[in-house]
Every structure is written in structure tokens, then in C-alpha cells.
Amino acid sequence: MVMFWVSLLAISILLYVLLDGVDLGVGLLFGLASGETRRGAMLSAVAPIWDGNETWLVVTAVILWGAFPLVYATLLSAFYLPLIVMLLGLILRGVAFEFRYKTQRLRWIWDLSFAGGSLSATFIQGMTVGALVEGLPFTNGQYSGGEAGWFTPFAVLCGVGLCLGYALLGACWLAKKCEAEIRDVAHRQIPVLAVGVLAFLVVVFAYALAENLPILHRWIDRPYLFVFPAIGAVAATVLALSIVRHNDHWPFYMVALIFISAFGTLALSFWPYMIPFVISINEAAAPHSSLAFMFWGCGVIVFPLMLLYTVISYTVFRGKVRAVDGYGHH
Amino acid sequence: MDMTALFLSRIQFAFTITFHIIFPSFTIGLAAWLTVLEALSFSTGRPVYGVIFDFWLKIFGIAFGMGVVSGIVMAFQFGTNWSVLSRMSGPIQGPLLMFETFWAFMLEASFFGVLIFGRSRVPPWFYLFSTAMVALGTTFSAFWIMVNNSWMQVPTGYVLENGAFVPNDWSKIIFNSVVWSRFPHMVLAAYLTGAFCVAATGAWYMLRKVYHAEARIMLRMGLGLAAVLMPIQLLFGHLNGEYVNTYQPSKMAAIEGRWNDEKPGSEVLFAWPDVASRRNLFAITLPPPFGSLIDSDSLTAAETGLNSIPRENWPPVVIPFFAFRIMVGCGLLMLGLAWLGSYLSYRHRLAYNRPLLWLTFLSFPLPFIAIITGWFTAEVGRQPWVVFGVLRTADAMTPFLTARQATISLVIFCTVYSFIFLFGTFYIYRLIRTGPVRKPFATPHLVVPNRPMSLADDELIEDPSHLVAGE
């Protein structure tokens, strides 16, 4: 039962990162784009899907609370201010999709809140993961880092890294979904961002070596973990080839694969801890009566239905977005 | 434990949940109203129902969207500010919230897409079915939230193990008798909110002498529904009082402004409860046994006063005392308005009765005020407990939360919410002012499921003058 809920949690987080990573990344690139035509086209590439994507964050939160209440309580309270800024960033960028088309004169406000909200949400997600990898300060199982225990150079570095990563994912999505100018711009951005992500990974690895992070020892103990970075390396090679050939679709799938391998790497190096190396999966798990109740009521039937719904909604909106499809135009 | 942080966290939770409840209480009722309209349109084939449906669907879209974004915050706030509560009650409250997310979200998200862009793509019966499913989704959502909150009011079906509430009987938690008077009370409140908003809109058009056919239907159906539901709502309100009297005597004593044990009890109608000197100033009181009759359905029952409850277990007396009276006052006003309006409408005289049209138009805040003050009564009256009788609010807070963190978060919540609320209500106002559009429903180019508010864009295209006015 615990394993079932760990798997569902992992699937939900991975889906959230891959799906919302796309539209957060488009939000980041939106801030760099100028001109209403370009901005409108970029928005319409993610408009049908962003809200559903974001729901996976709520799903993640309730799985954490229901199945691993100790982790929910510890993480959310330790990351108090960053999480609240992230939520408000997500709200501001969410309403911007709708509100920017209600006004001409004040549109800059909503464009700013869209790009700014995407940036703050992405940065904070990366920073959170970074702080977890580096290890939060704990005393006797209680968080003891105070107001800013999560704020370290390494965490900031990871925040910047995730911004590059989501932007790369967003650029690949735009290349896949758009045509003409947007696609060409995306094709120019992809190699730059890919090199940026690569540089980030090298720096992270160097930093981890220099600081002798405890997570590194897991790697020496478990050489089979290198399967995931190996997959990532293959994906990166195919990505480089597809960039050279100006392919519209392959970059996206390869970047997604890189994200999956990074996620797998992280998850396996945390294992069996949820907050390394303080709270393990079994310590965090809710009592059996709770897990079983959720298994029958939510897990076995409703969760697959939610996956099915996501698949259907992506199928409905497959293919290239035409320039006239922006919802400022109907 | 930082007492300022505790106070600010309580204010923050109250602020964010008050903001949030406005939208679901509106959309639960509207979803049901849309289902009724679609069913009427389906069975009678009269185009006017379709026109009204399309009109209210747009308003539903904006309110639904605001409810969704303000609801995401709630899923996180238990953990950020109330980490001790979320760790202890996680095994019970976590699964209940998961049911809400998984069940309600599934239905709402799937069928809302059909509602918005599927009109021309699915057969009419399936469209009607989708409308009903969205309504069912919002109702499920309300149900799981009420189960959750009812457990905090009257905890049951658990054992305390290793400092956590471990569920040992889910049927007791879900079929808690308290749920079954509180859930109908909330759903009826939401239906009444929808009814009064619809009737107020109809009255506004009548007063402006526009959209006569639609306005007549909105007025008649809104007031008629309210006239039927209002007495039932009062009955469920009374049943809620019974659970409070049984399980939460401290809340009851605060609501009634009752200081001493009485047998049988008297009933304080109005007063200023003076907590320091433990008495009521300026009291207007009905003699015994009215208090026992109202609280216990009995002429002789003994009623508990605050003096026989330890001082540290008192809720803040003034807030539940007045919030309850404001709620009941709004309810009685709505009852009078609904009955009088329905009577006049039945006699075909409502359209000429401008004072009553004005009153109906101005009545739309009443259900919202009643819902908010009702929740204030329930939640403030539960204090000083977060899980009644078992866990104190002061012990439930994140232990290392500082006043500075709480101040920063409260300030940014207030700023961002006010900003969004102003724009959102302004867009709803603009839609309602513009009114229904009498044209065959055209599916816009790319209206998107999961993007409820996209519906609101149409108006700008219809009439450029609103664009200017809207700026």
C-alpha cells in the first residue's frame, strides 16, 4: 500500500514537472518576446492545457497530505515564504491568461504578471529541490533552519537551473506547436538553452563534489544509479542531432526524456528517504486505514481516469496551432 | 510559540477562506440552475431558456475560475501555517481532501470542457448530461469539504496513536450525523445564493426595462425557488443548532449570550455581551422557556451557560453572537422577500411594483453575507479548538513560524487577492450589465476546456462600446 502511494506521488510529480514545466517555460520566454502577434501565438500554444497541468500540483499536495502527512507538514512549513510566493505567482499568471484580453491599456500589467509569476514559480520550485538535495537543517527530526534555512547558494543555483530547464522545455514545445516566426525563434533558443542546462549540470556536479554532499555517497554505494544519467546522455546526443536537423518534434521528446532521467536520478538517490536523510518513506506514511481508504476510493479507479482525461485533452489539441487560433481573435 | 504569528495566521486563514467561499457558494447554485435551464430548454424547446443559459454560463465561468485559483491556496495553507494540525490530522483530513480533488476535479474538469466548447459537437442529451455532471462535481466538492469540517467540529471514528489521529472507522467519519445536517445547510445556502443573484439580475433588467422576457423568467424562477427553499433552510439551520447544543455547549452559550446555567432557558434576542463583567448590556430577552424551546425543542431542558465552562475553553463570545444574528436576519429578510415577490409574481403584479423590484435588485449581497457570517459562527464558535475538544488552535500552529513571516504572507495575500477580486467582480458586473445575447449560439474559434474564463471575452466583440466603457 505504501509503495502504491509512493508510485502515485512520483507519477504526479513527474507529470507536473513535464506538463506545467512546458507552460511555465513558455511564460519565461513570453517575457523575452515582444509584439502582440508573437505573444498571442505563444499563449495559444499553451492556453488549452495550462490549467489541467497545474492541477497536478494540487494532486501532488493532497497525495502528500493524505499518504505522507509528516512530509507534507514538514516541507510546507519549512518552505513557508517561498511556497506562498510560488502560489501567488501561479495565481497571477493563471488569471493573466484571461484578464489580458479584457483590456488594451492595462494589458502590460497582465503580461508582467504572466512572465513574473512564471519566473517566481519556476525559480522557487528549483530552489526547493536544490535545498532538499543539499539537506535542510534538522534537529531531532524537527526543521530548525528558521525563516531562511532553504536559502543557500546551491539552492539559488538550482533555481536558476530549473528556469533554464523549463525555458528549454517551453522552447521545444513552441517549436513543436507553432509555425513561422515563433518556431524559428524557438529553434534559435533551443541550442543556447540546451548549452545553458548542460553548463548548469556540470556546475552542480562540481559543487556537489567540492562540498562533498551526502547525496553523493549514495552514488558510490549504488553504481546502478548511473543508468539514469546514461539515458540522459543518450537523450542529449539525440537532442543535439535533432537541433542540427531543425526537427520540430524530436527536441521536445528528448528534453522530456532528459527531465525524466533527472527525476529518476533524484528519486533513486533520495530512496528510501523522502526528505534526505531525515524522514524515510515508511516513517512518513499514513496509517494503513488511511492508505487503504484512499486506495479503494481514489487510487484504483479515479486516478487512471484522471490520466485518461489528460491524454484525451492533449489528443484533442494535438497538431500545430494556427496563428488565428489565439483567443484574442474569436 | 509566537502569539503574534498565531494571531496573524488565524487572520490569514480567515481571510483566504472567506475570499474563497464566496465563489463556490455562488457556483454550486449556478451549476444547478444551469442544469435546470438546460433541462427546460431540452424538454420545451423554447429558445429563451437557451439564451438565459448562455448568459449565465459566462458568469459561471469567471466565478468558477476564481474559485479554482483561490482553492489551490487552501490545499497548501494547512501545511504552511498549521503543520502540527496537518501532521496529526493528516491521516483523516488528507484522505478527505484527496476525495474532493480526485472526485470533484474529475467530473468538473471533464464535463466543463464539454459545457464550453462541446455545444455543437455532442448530442443535446449529452450536453444536458454534462451540465448535470458539472453540478454534481461541485456538489461532491462541497460534500467532502463538509465531511472534513464536520470532523473538526465533532471528531469521531479515530484513535489517538503516537500523536496522530488514526482513523479506525471511516463510516463514522463520513456518516457522522453532523454531516447530514450541515451538508444540506451549505448546499441549500448555495442554491439560495444562486436564486437571489438570478432574481436580482432579473429585477435590474425590469427596472431598466430591458430583456423583458428573460428578466421575467429569472425573477419568477429565482424568487420561486427561494420561496420554497428558504423555509427548508430555516429547518436545517435549526437542526444544526441541535448538534451544536449537543456537542459544543461552549459555542451554543456564546451564540445565545448565555452566562449562567438555566433550567428552562431564556432567549436573548439582542444585547451587547460584556465579556469582562460576564453579563449582557442592553439585553432584550424572551422569558423562559423560549431558550430551551429553541435550543433543545423542550419546555423544561437545562441549558449550559458560559460560567460553568472553564474560561480557557471559551470562544470569543462577541463574534459568534453577532455573526449568528446577522445570518438569521439575512435569512428572514430573504424569506420575506421571496414570499412577497413570489405572491406578486403569481398575481402578475411584480413587474409594476418598483419598490419590490428595487428591494430584489439590492438583495443579492444577502445570501453571501449569510454564508460568511454563518461560517464565522461555526468556526469562531469552535475556538479555542481547531479539532473540537481535542486539539487547541494555539497548539496546531507551525511551531517555528515567526510574526515577520506571517506578516509578509498576510500582506501579499491581501494585496494580490484584492487586486484579482476587483478585476474579477468588475468583469462579472460588466457581463451582467451587458445582458443576454439573443443570437444562435456560435462556438468561438478556440474556446478551451479548463479555461473557464475565456467565455467572458465574447462581449467585447459583440459591441465595441463596451470595450471603451470597460476601460
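This is a predicted model: local features need pLDDT of at least 70, side-chain atom pairs count only at pLDDT 80 or more; totals for chains, interfaces and linings use all residues.

Over residues 441-452 of chain B the pLDDT stays under 50, although the model has 39 contacts beyond four places in sequence for this stretch. For chain B as a whole the average pLDDT is 87, with 92% of the residues scoring at least 70. Chain A also averages a pLDDT of 87, and 97% of its residues score at least 70. In chain A, residues 324-330 have a pLDDT that stays under 50, with 20 contacts beyond four places in sequence in the model. Both ipTM and pTM come out at 0.88.

With that in mind, let us turn to where the chains meet. Chain A brings 59 residues to the contact and chain B brings 55 residues. On the side of chain B that touches chain A, at least two residues each come from helix H2 (47-81), helix H3 (83-117), strand S2 (164-167) and helix H14 (403-434). The most comes from H3(B), which supplies 17 residues. Sorted by class, this side of chain B holds 32 nonpolar, 18 polar and five charged residues.

The largest nonpolar core has 247 residues, and the members that touch the most others are Leu168(A) and Ala226(B). H2(B) gives the most to this core, with 19 residues. What does Leu168(A) touch, not counting residues up to four places away in sequence? Its partners are Gly25(A), Ile190(A), Leu193(A), Ala194(A), Val197(A) and Val255(A).

Helix H7 of chain A covers residues 153-177. It has 25 residues and reaches 36 Å from its first C-alpha to its last, close to the 36 Å expected at 1.5 Å a residue. Of the 25 residues of H7(A), 20 are buried, so the helix is largely enclosed by the rest of the structure.

Back in chain B, Leu85(B) is worth a stop. This residue sits in helix H3 of chain B. Is Leu85(B) buried or exposed? Leu85(B) is buried, because 24 other C-beta atoms lie within 10 Å, and 20 or more are needed for that label. Leaving aside neighbours within four places in sequence, Leu85(B) is in contact with Phe78(B), Val386(B), Leu391(B) and Ala396(B). Leu85(B) and Ala396(B) are 311 residues apart in sequence, yet their C-alpha atoms are 4.7 Å apart in space.

H10(B) runs over residues 318-346, and its 29 residues reach 42 Å from first C-alpha to last, close to the 42 Å expected at 1.5 Å a residue. Just after H10(B), His348(B) takes a positive phi of about 60°. H14(B), which also supplies residues to the side of chain B that touches chain A, has 32 residues and reaches 46 Å between its first C-alpha and its last, close to the 46 Å expected at 1.5 Å a residue. Among the buried residues of H14(B) are Phe413(B), Tyr417(B), Ile420(B), Phe423(B) and Tyr427(B). Just after H14(B) comes Gly435(B), with a positive phi of about 90°.

Finally, look at the strands of chain B. Strand S1 (residues 158-161) pairs with S2(B) in the antiparallel sense over four bridges. Within this pairing, Glu161(B) has Ala164(B) in S2(B) as its bridge partner. The two strands form a hairpin with two residues between them, and Asn162(B) in the turn has a positive phi of about 50°.

The hairpin of S3(B) and S4(B) has four residues between the strands, and in it Arg278(B) takes a positive phi near 55°.

Technical notes: Residues are numbered from 1 along each chain as its sequence is written. Chains are lettered from A and ligands numbered from 1 in the order in which they are written. Two residues are in contact if their C-beta atoms, placed from the backbone, lie within 7 Å. Ala, Val, Leu, Ile, Met, Phe, Trp, Tyr, Cys and Pro count as nonpolar, Asp, Glu, Lys and Arg as charged, and the others, Gly among them, as polar. A nonpolar core is a set of buried Ala, Val, Leu, Ile, Met, Phe, Trp, Tyr and Cys residues joined through C-beta atoms within 7 Å. A residue is buried if 20 or more other C-beta atoms lie within 10 Å of its own, exposed if 12 or fewer, and partly exposed in between; C-beta atoms are placed from the backbone. The expected span of a helix is 1.5 Å times one less than its number of residues. Two strands pair if DSSP finds at least two bridges between them. pLDDT is the predictor's confidence in each residue, from 0 to 100.
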